[in-house]
Amino acid sequence: MKPIVLCHGTWSRFKDWHEVGSPVRNALKERGFEVYDFLWSGYCGGFPSPVIVPKDTPEMDGRLLLWLSEGEKLALWCKDKGLEAPDLLTHSHGLQVGVFAASLGQKFDHFLSISGPVREDMAKYRQLAKSNISRWIQVVDKEDDMTIRQGEAFDKHLGWAYDLPEADVNIESPGYGHSGLVLDNTDWEKLGIWKALE
């Protein structure tokens, strides 16, 4: 069985898409994946906040430190589980957590990001991460996903980005919104997601 790690997004630690018995998790198991669930705080990084955001350092914008910390945890968690280069499925800002894990040296075979906000302030970390990812896949709804736009706010870039420049494959999923494809995997075949994971 091939290992795959599920990494939820902001505020989704206790949502059902990644939990035991969910449609996506069941479909992955049916296709021969050994499914692991990485739970992180789910707090919202990347935004100004007097409560959560630490001060900037010479190396990094303080707004990104939350995701860095969670990425460190993901890398250590994979090491503890003996997962040298598992597949990774992230949703929303789980992308940033996975990027930091890979930028710190954690290897991933397939990295499937669904509705991951493409933040300008994460570009250099994505470049560092790229060498530790065999195949990177980004899936987005460019028409109906307003949440992804919110997730790109305060990234030091005007406008919105959907395609991930570092991805090997960018898949458009019009009509599925921000969470449609993690709540229901019925159309993964039609969209080419299963094929991209081969």
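1. The model is a predicted one, in which local features need pLDDT of at least 70 and side-chain atom pairs count only at pLDDT 80 or more, while totals for chains, interfaces and linings use all residues. Residues are numbered from 1 along each chain as its sequence is written, and side-chain values use heavy atoms, with hydrogens and water left out.

2. The largest pocket holds about 320 Å³ of space. A pocket here is an open set of points on a 1 Å grid over the protein atoms alone, where a 1.4 Å probe fits and protein lies on both sides within 12 Å along at least five of seven lines; the volume is the space filled by probe spheres set on those points, which are joined across faces, edges and corners. Of the 19 lining residues, Thr 10, Ser 12, Ser 92, Thr 147 and His 178 are the closest to the pocket centre, where lining means having an atom within 4 Å of a point.

3. By class, the lining of the largest pocket has 11 polar, 6 nonpolar and 2 charged residues, with Ala, Val, Leu, Ile, Met, Phe, Trp, Tyr, Cys and Pro counted as nonpolar, Asp, Glu, Lys and Arg as charged, and the others, Gly among them, as polar. Helix α5 (residues 146-151) gives the largest share of this lining, 3 residues; helices are DSSP runs of H or I with at least four residues, strands are E runs of at least two, and both are numbered from the N terminus.

4. The structure holds 7 aromatic pairs, that is, rings of Phe, Tyr and Trp (its six-membered ring) with centres within 6.5 Å, called stacked if the planes are under 30 degrees apart, edge-to-face if over 60 and tilted otherwise. One of them joins Tyr 36 and Trp 77 edge-to-face, at 6.2 Å centre to centre and 85° between the planes. This pair links strand β2 (residues 33-38), which holds Tyr 36, to helix α2 (residues 65-81), which holds Trp 77, across 41 residues. Both Tyr 36 and Trp 77 are buried (under 20% relative accessible area with a 1.4 Å probe and protein chains only; exposed is over 50%, partly exposed in between).

5. Most residues other than glycine have a negative phi.
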